[in-house]
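Please read it beside the sequence and the coordinates.

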Amino acid sequence: MQAIQLKNIHFTYPDQYQEILSGITLDICDGQKIALIGKNGCGKSTLLKIIMRELQPTSGSISYPNSIPKIGYLPQDLMVRGSITVRDYLLQVDINSYNIINEINALSRIDNLQEKDGLRLAELWQEYDQSNVIMWEQTVDDVIREMDLNLLAQQSFNTLSAGETTRVQLASLLLQNPDILILDEPTNHLDLKELVWLENWLNAYPKAILYVSHDRIFIDNTASKIIELEKGKVLIRTGNYQSFTKDKQELQEHQLKQYTERKKMIGKLQEAAQKRHNWANSFQKETRPEGGGFKYESIFNAARTMNQQAKHIEERIIMLQTRFPIEKPIKDKTRKIVFSPATGQQKELLSLKDIDFAYGEQQVLHNLYFYIWSGEKIWLAGANGKGKTTLLQIIAGDLKPTKGTVSYANFLRLGIYNQDLHILPKNLTILEYLKQFSAEEIKIRNFMGCLGLTGDIAYHKIAVLSWGEKAKVQLTALLCGEYNLLLLDEPTNHLDIKTREMLEKALKQYPGAVIFVSHDRAFIQNLASRKFELK
């Protein structure tokens, strides 16, 4: 059963002349698990906002065959801060019920109630019964069990990992009882265990889900339909990512064959028309025989006939190009990035011996030994909260171990990618920021172009960039330098699939060493030469 139908949707932002969406037609049906993919900046967020009715299309229509569905939305980077407990946060979905519960609890904690407070407490219990608040509490507790949040229910948000926060946000959406869930990159910051949990949860969820993701294996395991947005148009295929890429390749090959054949046909038609024009124009009036008026008329009519034939051929060319056009298939230009190694490569780059580290009384690392050799690509594995980022910060010199030693090779140069994109200076333009890493603007522009940061975006403030664009800015900064060892903390978060694949190839060919944290299984499989797991 169809829930939302989009027909011929066009959209152009007021300050732009080029359409970002051009004739989008698609359906969202009950029970479907739809993956929306595409390059950073191709219009995915715009399309989501139109579906959620936050933006009105420039033209086209949105219809609801039954009734306007209730949509639950999980944004890309919603991090709740504060000391509120998980259970209280979920109870707040029904704010009236939560206020009743909260006020009852506050008055119940008072030992000697005043008369007015006692009367107020009695009124609250009456409201509690009349509003059936007990059913709301039971519903919240059921969702806590369903989402495996029992151990977190009384914890505050300050203590939650990013993956745990995502689970709580999903629980909050469930309590809103939406008809359609829209999830914007829900796999960001999830560890492998949480990823598997989310896959199982999505597959068991009975209603429609539309999600944006660049995790190839996640899409393979969950999607029943793929929508790719490219240059304002959509390509829609039933199935997972593997079948989509296979179908897309076959479609492109078929379109290229049709386009090539049509081009040859039009070339031959144009040649035929031109020959007829040339034949007709070769007959001049002065060449007719003297006194042969009849013969001249015959020759003149033949020339006119040739011109008419040429005109008919040209009309056929116009008809083929307008009524039955065949567009050249969109094919990405081959893009390549290269990380430049620093001179003075040595075999052993770094070693850590008997490392301990604690945040206050919380022990994070204990008796840790670690080393890395030139050329190694080490996947730093482990669940969220086990100390992966802490270990990277110790290697980078940002944190000092409470015990143990860190030894570096001579001439070691570290390149660092931080998963927290908030650290980028918001008040600088992209170009101003990147000039701190290279004085050569041509070099900077070339790297930016390879990563899809083209045009006037170089003069945009970092504050206005999307998460994907900020990630690419940080990657460009790494490309501008020369390093022996790269420390990459979740480098694939927010990057589109094409950029992830390009980054994989560049790091595999990089002669220096890499220590990376990632939960993108395809990225790990294609890059890691050794696994180092923190438990």
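A residue is buried when its relative accessible area is under 20%, exposed when over 50%, and partly exposed in between (1.4 Å probe, protein chains only). Helices (H or I, at least four residues) and strands (E, at least two) are DSSP runs numbered from the N terminus. This is a predicted model, in which local features need pLDDT of at least 70 and side-chain atom pairs count only at pLDDT 80 or more, while totals for chains, interfaces and linings use all residues. Residues are numbered from 1 along each chain as its sequence is written, and side-chain values use heavy atoms, with hydrogens and water left out.

**Enclosed helices**
- Because 12 of its 14 residues are buried, α6 is largely enclosed by the rest of the structure.
- The buried residues of α6 include R167, Q169 and L173.
- Helix α6 (residues 162–175) reaches 20 Å between its first and last C-alpha, close to the 20 Å expected; the expected span is 1.5 Å times one less than the number of residues.
- Helix α14 is also largely enclosed by the rest of the structure, since 13 of its 14 residues are buried.
- The end C-alpha atoms of α14 (residues 467–480) are 20 Å apart, which agrees with the 20 Å its 14 residues should span.

**Helix α9**
- With 41 residues, α9 (residues 241–281) reaches 58 Å from first C-alpha to last, close to the 60 Å expected.
- Among the buried residues of α9 are Y241, K248, R262 and H277.
- At the start of α9, a side-chain oxygen of N240 comes to within 3.4 Å of the backbone nitrogen of Q242.

**Strand β18**
- F516 belongs to strand β18 (residues 513–517) and is buried, at a relative accessible area of 0%.
- Between F516 and A528, 12 residues apart in sequence, the C-alpha distance is 8.7 Å.

**Cavities**
- A cavity is a set of points, on a 1 Å grid over the protein atoms alone, where a 1.4 Å probe fits but cannot get out; lining residues have an atom within 4 Å of a point.
- Residues lining the second largest cavity include H189, D215, E490, R500 and D520.

**Cysteines**
- The whole structure has zero disulfides, a disulfide being a pair of cysteine sulfur atoms within 2.5 Å.
- C450 is in no disulfide, and its nearest cysteine sulfur, that of C480, is 11 Å away.

Methods:
1 Å grid on protein atoms, 1.4 Å probe; cavity = no way out; pocket = protein on both sides within 12 Å on 5 of 7 lines; lining within 4 Å. Polar contact = N/O pair within 3.5 Å; in protein donor to acceptor, adjacent residues only side chain to side chain.
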